[in-house]
Amino acid sequence: MIEGHIYGIPSSIFTAKLFYNKTLFKRAGLDPELPPKTWGELRDYAKKITKAGKGKFYGFVIGAKDPWVYTMNVEWMAMVAGGTGFNYRTGRFQYNSEPFKKALRLIINLRQDGSLLPGLNSMDDDRARLAFCGNRAAMIIGGSWNPGVFIDQFHSDVDFGVADLPVPDEE
C-alpha cells in the first residue's frame, strides 16, 4: 500500500483451455476443427460424442477425486462467465455467485446427460488425462502444462486440439 493505494504484481496468468480429441469428434460426426464455443455447444457435443461412443468413450472427463481439481474446473468455467472465487473489494469469498452456480449447473447437467466419463469421483487429474489420451473421453479442461503431460509423461499420440474455454450461451 502506497499513499492509500493498493498495488499488486501478477504472479500467475490464467492458462485454462479446452483440450479436445479430434479423433473422437470425427467418430461422432463433428468437425474436428470446430470445437464448442458456448456451454450449450459443449453440452450438445458431449451428448453426441457419448452417444457415438456406446459406452466405450464419453464426451467429457473431470478428475474429481481430489476436491481441488473439481473446484478448479468449476472455477475456470465460472471465470469465463465473469466470476471470481474471491472479491478483493469486499474481502469475501463468493462461491455462491451466479457465475459459479451456472458453471456448477453445467457440470451437473453433463453428468445427468450421461456425458461425463463414469467414475470421475475416483479419478485424480492424471487418471482423467489418461482417459483423454486413451480415447475414452473427448474433452477435458486443463492448463498450459497439459500438452507436456499428454506427450512427455504419457507418451500419447492422441490427436488433440486446443481451444478457448466455452462461454455461457447468453454471453
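This report walks through the sheet, the helix packing, the salt bridges and a few single residues of the structure above. The model is a predicted one, so please read every value below as computed from its atoms.

## The sheet and the helix on it

Let us start with the strands. Three of them form an open sheet in the order β4-β1-β5, and their pairing is antiparallel. At the edges sit β4 (139–142) and β5 (160–163), each of which pairs on one side only. On average, neighbouring strands of this sheet are turned by 25° against each other, direction ignored.

A handy landmark is Phe19, which stands opposite Ile140 in β4. Helix α5 packs on the sheet and touches β1, β4 and β5. The direction of α5 makes about 140° with that of β4.

Asn21 belongs to strand β1, which covers residues 17–21. Is Asn21 buried or exposed? With a relative accessible area of 0%, Asn21 is buried; the cut-off for that label is under 20%. Leaving aside residues up to four places away in sequence, Asn21 touches Phe132, Asn135, Ala137, Ala138, Val158 and Asp159.

## How α5 meets α6

Helix α5 spans residues 125–133, and α6 spans residues 146–153. The axes of α5 and α6 come within 11 Å and cross at roughly 70°. That angle makes α5 roughly perpendicular to α6, because angles of 65 to 115 degrees count as roughly perpendicular. The crossing of these two helices is right-handed.

Which residues make the contact between α5 and α6? From α5 come Asp126, Arg129, Phe132 and Cys133, and they meet Asn146, Val149, Phe150 and Gln153 in α6. Two names in this group turn up again elsewhere: Phe132 is among the residues touched by Asn21, and Asp126 forms a salt bridge with Arg129.

## Salt bridges

The count for the model comes to 8 salt bridges.

| Glu33 | Lys22 | 3.1 Å |

Glu33 and Lys22 meet through their side chains in a salt bridge. This pair links distant parts of the chain, with Glu33 in the loop between α1 (22–27) and α2 (39–53) and Lys22 in helix α1, 11 residues apart. Lys22 has 15% relative accessibility and counts as buried.

Arg43 is partly exposed at a relative accessible area of 26%, and Asp113 is partly exposed at 27% relative accessibility.

Asp126 and Arg129 bring us back to α5. How far apart along helix α5 are Asp126 and Arg129? They are separated by about one helical turn, because they lie 3 residues apart in this helix. Asp126 counts as partly exposed at 27% relative accessibility, whereas Arg129, at 8%, counts as buried. Salt bridges with shared partners join Asp125, Asp126 and Arg129 into one network.

Finally, a pair of backbone details to look up. Glu3 is not a glycine, yet its phi is positive, at about 50°. Glu3 is found in the segment before β1 and is exposed, with a relative accessible area of 76%.

Lys54 is not a glycine either, and has a positive phi of about 45°. You will find Lys54 in the loop between α2 and α3 (67–80). At 73% relative accessibility, Lys54 counts as exposed, since that label applies to values over 50%.

Key: Residues are numbered from 1 along each chain as its sequence is written. This is a predicted model: local features need pLDDT of at least 70, side-chain atom pairs count only at pLDDT 80 or more; totals for chains, interfaces and linings use all residues. Side-chain values use heavy atoms; hydrogens and water are left out. Helices (H or I, at least four residues) and strands (E, at least two) are DSSP runs, numbered from the N terminus. Buried means under 20% relative accessible area, exposed over 50%, partly exposed in between (1.4 Å probe, protein chains only). Contact means heavy atoms within 4.5 Å. A salt bridge is a side-chain nitrogen of Lys or Arg within 4 Å of a carboxyl oxygen of Asp or Glu. Two strands pair if DSSP finds at least two bridges between them. Axes are lines fitted to C-alpha atoms, for helices over the stretch in contact, and angles run from 0 to 180 degrees between N-to-C directions. Angles under 35 degrees count as roughly parallel, over 145 as roughly antiparallel, 65 to 115 as roughly perpendicular and the rest as oblique. A crossing is left-handed if the near helix is turned anticlockwise from the far one by less than a right angle, and right-handed if clockwise.
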